[in-house]
Amino acid sequence: MKARPTAVWLFAFLVVQRLLELRVARSNERWAREHGAQEYGQSHYPLFFVLHPTWMLLTLLEGRASRGRVNPWALALFILAQPLRYWVIRTLGRYWNTRILIVPGGQRVTGGPFRYLKHPNYAVVALEIASAPLAVGAWRTALAYTLLNAALLLGIRIPAEERALAEYRASRTDHTP
């Protein structure tokens, strides 16, 4: 299987998948806000809206420029990541979102993939960001976006989530007699 046409199909899949997921995220966001959710980390949110579409676009462009064949191992990893992605989304249910929203009275999710990893969604996304471009010969995109994603997640996003949860826990203990 040649990488060039596969890059187009992969791009189309990612666009449709991410747009459908944004609809779910928006619905969950409305629900969370209706239940008094407070948002944290708003300032870094646009960075992810630059990272993900540019990653998808460069995967397409570099993959289309590739004259090689599809890397079956990388494609298999990408395909295997999809059920994991939906396991995370299903486990979080109404709490799954692209934003950091803390719903008062909500409990931290510890079931499903959260039994094994503290941030399984980010592990899945990291796997996708590396494997999708590698599947179509876009190794530069895989390298650059793996590093950018890691920097954003480890340096900004995960610390912001942990601070939000710590603030919420502290505010709950401050108000209990």
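Of the chain's 177 residues, 43% count as buried, where buried means under 20% relative accessible area, exposed over 50% and partly exposed in between (1.4 Å probe, protein chains only). Keep in mind that this is a predicted model, in which local features need pLDDT of at least 70 and side-chain atom pairs count only at pLDDT 80 or more, while totals for chains, interfaces and linings use all residues. Residues are numbered from 1 along each chain as its sequence is written, and side-chain values use heavy atoms, with hydrogens and water left out.

**The overall picture**

The chain has five helices and two strands, and along the sequence they come in the pattern α-β-α-α-β-α-α. Helices (H or I, at least four residues) and strands (E, at least two) are DSSP runs, numbered from the N terminus. Taken along the principal axes, the box that the C-alpha atoms fill is roughly 65 × 30 × 25 Å.

**Salt bridges**

With a salt bridge taken as a side-chain nitrogen of Lys or Arg within 4 Å of a carboxyl oxygen of Asp or Glu, the count comes to twelve. Here are three of them, with their N to O distances.

| Pair | N to O distance |
|---|---|
| Glu-21 and Arg-85 | 2.7 Å |
| Arg-99 and Glu-29 | 3.5 Å |
| Arg-99 and Glu-39 | 2.8 Å |

Take the salt bridge between Glu-21 and Arg-85. Glu-21 sits in helix H1 (residues 3-34) and Arg-85 in helix H3 (residues 72-92), so this pair ties together parts that are 64 residues apart in sequence. Both Glu-21 and Arg-85 are buried.

Arg-99 is worth a look too, with salt bridges to Glu-29 and to Glu-39. Glu-29 is buried, at a relative accessible area of 12%.

In the salt bridge of Arg-99 with Glu-39, the loop between H3 and S2 is linked to strand S1 (residues 38-40), where Glu-39 lies, 60 residues apart. Glu-39 is also buried, at 14% relative accessible area. Which residues make up the network of salt bridges around Arg-99? Its members are Arg-26, Glu-29, Arg-33, Glu-39 and Arg-99.

**Surface and charge**

The accessible surface of the chain is about 10200 Å², with 67% of it belonging to carbon and sulfur atoms. These areas come from the Shrake-Rupley method with a 1.4 Å probe, and for residues only the protein chains shown count as cover.

Leu-84, Trp-87, Tyr-116 and Leu-117 make a nonpolar surface patch of about 420 Å². Patches are made of residues with over 30% relative accessible area and no salt bridge, with like charges joined within 9 Å and nonpolar side chains (Val, Leu, Ile, Met, Phe, Trp, Tyr) within 5 Å. Tyr-116 lies in the loop between strand S2 (100-102) and helix H4 (120-135). Is Tyr-116 buried or exposed? Tyr-116 is exposed, with a relative accessible area of 59%.

**One last residue**

Ala-130 is part of helix H4. Setting aside neighbours within four places in sequence, Ala-130 is in contact with Ala-142 and Thr-146. From Ala-130 to Asn-28 is 102 residues in sequence and 28 Å in space, C-alpha to C-alpha.

Terms used
Contact = heavy atoms within 4.5 Å.
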